[in-house]
Amino acid sequence: MTELLNTLYVQTPGTSLHLENDTLRVVHPDQPGRKILPLARIDHVVIFAGVTVTSDLLLRCADDRRTVSWLTGFGRFRARLSGPTAGNPLLRRAQHRAHDDPSRRLAIAQHMVAGKIHNGRQVLLRAARDAQGRKQGTLRAAAERNAGALEAAGRATDNSALMGVEGTAARDYFAAVPSMCSSAVTPFERTRRPPADPVNCLLSFAYGLLRVAVHGALEQVGLDPYIGFLHGVRPGKPALALDLMEEFRPLLADRFVMTLLNRKEVGDDGFEHLPGETVRLTESARRTVLNAWQNYRQRAWPHAHLGREVPAALLPLLQARLLARHLRGDLDEYLPWTVN
């Protein structure tokens, strides 16, 4: 169990969560003692596979608009409880109108993709400064190709072309991942479900944590997480959450994973190799990653549009607010979060 920045992560199988007056009680048969946390300290509860929650606690969280999210042992998002829908209906109407306008939808999507490619390029260039020889050349070449993709994203005439540019940039970026790591991770190919190696395992886990944060930020601002601008709208798919995640992936997730690997905070014994060439973090390794995520979310990053540094934990909320301001007409364009 890990509590960080008002988010409670519970990952030990066999744990059950109960409501006790105005507190959350944590029970595990192998861990004696009374563990309680004041509900007032918790904004979000994130539950991994094997953890149960009583209906009384779920209803109390829904009444308080405290979100509960379920993730698999791999960190993949499964479900979310958020209580009654709240927010400004006029903002959501503006969001739907922007989605139905092809030119506005494309413009917003272009900025989101540009933010992702730009930040990915910065990750490559920073890694190149610390690399030598062939690795440095590989990283600089990938950064140069991403610079070309950044220009191509601005020239895209529709969402299909834009997704093609984003896909090409992502392939070039991930092809250079082995050169970012001090340990040998070659050959490497980005795979999602299920992750087939330790690097993919950590990336998927980090993306799951990031998705929870972004989805919550959109709901807090009052935007509809399911009406996006880049990803297609489908039942059960939080398209806008996936959209907004893009600009955060390189620095808040990918670089976080590379740091874990390069510092050897998670070693070979932190992974379980399951049938079907599937790799999963052990319970101990998940705890290590969650504690590292706590520290990483507290790190302050420069925010060009605000002119000051902002903790990583607040960046999704700030970007959701900037998007809301654009949709309301207060800003001429959506301004993605980028770091130079």
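Visitor: Is His 118 buried or exposed?

Guide: Buried means under 20% relative accessible area, exposed means over 50%, and partly exposed is in between (1.4 Å probe, protein chains only). His 118 comes out at a relative accessible area of 16%, so it is buried. One caution before we go on: this is a predicted model, where local features need pLDDT of at least 70, side-chain atom pairs count only at pLDDT 80 or more, and totals for chains, interfaces and linings use all residues. Residues are numbered from 1 along each chain as its sequence is written, and side-chain values use heavy atoms, with hydrogens and water left out.

Visitor: Where does His 118 sit, and what does it touch?

Guide: Look in helix α3 for His 118; helices here are DSSP runs of H or I with at least four residues, strands are runs of E with at least two, and both are numbered from the N terminus. Contact means heavy atoms within 4.5 Å. Leaving aside residues up to four places away in sequence, His 118 touches Leu 150, Thr 338, Val 339 and Asn 340.

Visitor: Staying with α3, how do I read the way it packs on α10?

Guide: Axes are lines fitted to C-alpha atoms, for helices over the stretch in contact, and angles run from 0 to 180 degrees between N-to-C directions. Under 35 degrees is roughly parallel, over 145 roughly antiparallel, 65 to 115 roughly perpendicular, and the rest oblique. Here the axes of α3 (residues 102-130) and α10 (residues 315-328) come within 13 Å and cross at roughly 155°. So α3 is roughly antiparallel to α10.

Visitor: Which residues make that contact?

Guide: On the α3 side you have Arg 104, Ile 108 and Met 112, and they meet Leu 323, His 326 and Leu 327 of α10. For classes, Ala, Val, Leu, Ile, Met, Phe, Trp, Tyr, Cys and Pro count as nonpolar, Asp, Glu, Lys and Arg as charged, and the others, Gly among them, as polar. The α3 and α10 contact then has four nonpolar, one polar and one charged residues.

Visitor: What about α4 and α5?

Guide: The axes of α4 (residues 133-155) and α5 (residues 159-175) come within 9 Å, crossing at roughly 170°. That angle makes α4 roughly antiparallel to α5. From α4 the contact takes Ala 142, Arg 145, Asn 146, Ala 149, Ala 152 and Ala 153, and from α5 it takes Leu 162, Val 165, Ala 169, Asp 172 and Tyr 173. By class, that is eight nonpolar, one polar and two charged residues.

Visitor: At what angle do α8 and α9 cross?

Guide: Roughly 125°, with the axes of α8 (residues 249-262) and α9 (residues 283-298) coming within 11 Å. The two helices are therefore oblique to each other. Leu 251, Leu 252, Arg 255, Phe 256 and Leu 260 of α8 meet Val 289, Ala 292, Trp 293 and Tyr 296 of α9. Sorted by class, this contact has eight nonpolar, no polar and one charged.

Visitor: Which residues touch the most other members in the largest nonpolar core?

Guide: A nonpolar core is a set of buried Ala, Val, Leu, Ile, Met, Phe, Trp, Tyr and Cys residues joined through side-chain atoms within 4.5 Å. The largest has 80 residues, and Met 180, Leu 223, Leu 252, Phe 256, Leu 281, Trp 301 and Leu 327 touch the most other members. Helix α6 (residues 198-221) gives the most to this core, with 14 residues. Another core, of 15 residues, lies apart from it; Val 10, Leu 39, Val 51 and Cys 61 are among its members.
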